[in-house]
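Subject: Handover of the two-chain model

Dear colleague,

I am passing the structure below on to you, together with my notes on what was found in it. Please read the notes with the coordinates open beside them.

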Amino acid sequence: MDRPFAITLGVGSSRANKTGAWRTERPVYVDLLPPCNDACPAGENVQRWLYHAEARDYEAAWRQIMTDNPFPAIMGRVCYHPCQTACNRATLDDAVGINSVERFLGDEALRQGWTVPVTAPRSGRRVLVVGAGPAGLAAAYHLALLGHEVTVRDAGDEPGGMMRHGIPSYRLPRDVLDLEIARIVEMGVRLELNAPITDLDEAVRAGGFDAVFLGIGAQLSKRAYIPAGDSVRILDALSVLREVAGGERPDLGRRVVVYGGGNTAMDVARTAQRLGATDTLVVYRRTRERMPAHAIEVDEAVEEGVRLRWLSTIAYADGGTVRVERMRLDEHGFPQPTGEFDELAADSVVLAVGQDVDRSLLDGLDAADGGVRVDATMMTSRPGVFAGGDAVAEERTVTAAVGHGKRAARHIDAWLRGTGYRPSARPELAVADRLHPWYYSDAPATVRPRLEAARRVSTFDEVVQGLDEDTALFEARRCLSCGNCFECDNCYGMCPDNAVIKLDPGARYRIDLDYCKGCGICAAECPCGAITMVPEQT
Amino acid sequence: MTTQRVRFYQVGSFAVGNRLLEADQRTVQAGEHRSNALTSGHRACQGCGEALGARYVLDAAMRATGGRMVTVNATGCLEVFTTPFPETSWQIAWLHSLFGNAPAVATGVAAALKVKGRTDIRVVGQGGDGGTVDIGFGCLSGMFERNDDVLFVCYDNEAYMNTGVQRSGATPPAARTATTPVTRSSPGNAFGQGKSAPLIAMAHEIPYVATATVADLHDLEAKVNRAMQIRGARYIHVLVPCPLGWGTESSETIRVARMATESGLFPVFEAENGEVTSATPIRRLMPVEPYLRIQKRYAHLFTPPPRVDVIAQIQARADRNIRRFGLLTEES
């Protein structure tokens, strides 16, 4: 009589009845590609690091970022976050503030002094990285992690490239830049400054290098010919930004006209405001919609008092005035002159009409789109010489450069070892239609506090402030985990046949095919679309 | 800047479990050690709402009573699909007698336990809508008026599904069943018939009455838990969609239950001693039409020419529930 209370008759369990035989479809757990990951130029697994951040495991989250990108604190300040543009949450309320969480994690790592150990055995191979900008430093970081001996040479006296000379300090404070670069140097990367390379072959021979990565950037300001008299100052944007980064305060006067519509134009216009200009005007030949500058930068510039003038070109400048011609867009969207002119007052004109690659190091390498041509493995036309960053035509942003550095490092590693590097296959995209919005609470995005406009135009203090832990956690928890199981137990709890087996935390679930009848409730009610019903073979 | 407290979890409190919630805020169903009162291998149809509802209720009651519990079952699907001799799907003390006498048998079990001085062991009676609102109703009313210490749970799938989808006293107007066919003069089940068992239970002024659905597990478990804290007669009426009888996809069981509450057709509330004490507000109000449209038992309302008049009558019932139980808040 070893039976439970009130049970008198011994009977068999219905578990003898394997109802799995009824099934015509079976549920299968999938890991889809979340749109944030898909959009990230640096190839970060955003969904995965947010998953750790949600559980307050900030160190694991940071280490997840570091597998792809060595600059979380920099990214959290200068990245234009295409991840947020792609975020599915925008269809519910607002996109997740991925960038601000990344910045919180990056800053937390600097506060806590977290570092990444090099665990790979030494390969004995030596790689020369030319240029200590985002592409070069990212390549150096990944190559060091893979066990190679890396030397980074830069012509300047401080590392960082455009992150230092092109991005104003109100967007990227120099202490953050210095700390994230120092972390790479501490991994054993050799950094040689004031070491311009004039003869690449000689440098490779003398240093005994087995491979080269060129991250030389696009550092020459394009010129636009403007008929001008003698009494107007015409400067180029990169020189202005570089002087300011070097601690100087170039005299632009009170009335500054910036010519161009890219991010550099916005940076230099905002810098002019900080240098004391009272009247900064950006002149651009097309419309705001067609401006290459990112919307946030334009918005912040306008908040700071920068004025914008669309559909205008500069025809002549002299004697404190600039004559602009009005343009109109033709049916192809190209600006055409109208013959109507306006006079504007200006003490100086700053040209921000694009940048060119210094080709002196690229002799003998195939060119493409004003830069150097690389193949799918980031290798130039010369075996063993790879390139990335602004020197390779693509989108010229810090994040794209960091992505180039990573990709090149992995291919350099494969090339040095004589193996092929095969990036993992990209899974199907987790589109918004796969999500089950019912299960997500409404929660609007946390807006990062901004320095009050009136205060920030007079200083180079950082404009966008970081999140505190509470808000960062809140923001991380707004992630929908698109297409990737986050263990909400819906499938386990809602199966009418107890045919979902819950595994240990982190190990997710398993379908018990002995009993699963294939009703499909688990797939229909999965909040993040991580279950697909697949027809059974008959 | 004002800091916002972290209270919105990734999936709020709507999913079954959530690794970010404290253990005591997670559902019983999320736990690896739930009783699984109703185990695998039962013969319910794919996507059966009643199998799900029964496990939800009984696992929650098992936790609330620490496993000291006897269940008495009326005849119906729930009995038939779980206990074809010599097999049983029940992993609890479970007793079946007849179709109409489950509340009386439950009363008897409670009385016997009292005589034996084992009032620590609680009694749960259960049945479908046929066994509860029709055939067993006299016994149920008696159990209520004597205030016997039993929780009776009705799993309402709105018809006699076990015997082939015949109309019950809980079948809603305009639904097609085997005994309410669609004819030129009638659009399925007649308007003005049927009854609300929860409201009749309230009229007995018993300590606790509640309604729930399989679409809101947190709410359902909280109500079972509350019921088990109370002595005397208690009644919970759970809406459990039936893919077979309603003509829905097996994967849509939860969805259709959610639509029933979000349209206002099935009000979710609780009452103590004859008075409504709370109603679960509608989160995203929707018209009745999409709810009707995904069920084949209402297909005749949409075949041309659509019965706009009948749909409007059903909408009026939903609107009345919304008014009567205060189902709308500013958020919905």
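The notes below take up the interface, then the strands, and then the helix packing.

Please keep in mind throughout that this is a predicted model.

**The interface between the chains**

On the interface, 54 residues of chain A are in contact with 46 residues of chain B. On the chain A side, strand 1 (12–13), helix 16 (469–476), helix 17 (490–494) and helix 18 (521–525) each supply at least two of the residues that touch chain B. Sorted by class, the residues on this side of chain A comprise 29 nonpolar, 14 polar and 11 charged.

**Strands within chain A**

Which strands does strand 6 (residues 211–214) of chain A pair with? It is joined by 4 bridges to strand 3 (residues 126–130) of chain A, running parallel to it, and A:V127 of chain A is found opposite A:A211. Strand 6 of chain A is likewise parallel to strand 19 (residues 385–387) of chain A, with 3 bridges between them, and there A:L214 stands opposite A:A387. Both faces of strand 6 of chain A are covered, with A:A211 and A:F213 buried on one side and A:V212 and A:L214 buried on the other.

Elsewhere in chain A, 3 strands form an open, antiparallel sheet in the order 12-13-14. Strand 12 (312–318) and strand 14 (335–345) of chain A stand at its edges with a single partner strand each, so one side of each has no neighbour in the sheet. On average, and with direction ignored, neighbouring strands of this sheet are turned by 25° against each other. Strand 12 of chain A pairs with strand 13 (residues 321–329) of chain A over 6 bridges in the antiparallel sense, and A:S312 is placed opposite A:R326 in strand 13 of chain A.

**Helix packing**

In chain A, helix 12 (residues 263–274) and helix 13 (residues 295–303) pack at an angle of about 20°, with their axes 10 Å apart. With the limit for this description set at under 35 degrees, helix 12 and helix 13 of chain A are therefore roughly parallel to each other. The crossing of helix 12 of chain A past helix 13 of chain A is left-handed. The contact brings A:N263, A:M266, A:A269 and A:R270 of helix 12 together with A:E297, A:V298 and A:A301 of helix 13, and its residues divide into 4 nonpolar, 1 polar and 2 charged.

In chain B, helix 3 (residues 102–115) and helix 5 (residues 137–145) pack at an angle of about 40°, with their axes 7 Å apart. Here B:P103, B:A104, B:A106 and B:T107 of helix 3 meet B:C139, B:L140, B:G142 and B:M143 of helix 5. By class, this contact has 6 nonpolar and 2 polar residues, and no charged ones.

Methods
Residues numbered from 1 in each chain as written. Chains lettered and ligands numbered in written order. Predicted model: local features only at pLDDT ≥ 70, side-chain atom pairs only at ≥ 80, totals over all residues. Contact = placed C-beta atoms within 7 Å. Nonpolar A, V, L, I, M, F, W, Y, C, P; charged D, E, K, R; others polar. Axes fitted to C-alpha atoms, helices over the stretch in contact; angles between N-to-C directions. Parallel < 35°, antiparallel > 145°, perpendicular 65-115°, else oblique. Left-handed = near helix turned anticlockwise from the far one by under 90°. Buried ≥ 20, exposed ≤ 12 C-beta atoms within 10 Å, placed from the backbone. Pairing = 2+ DSSP bridges.
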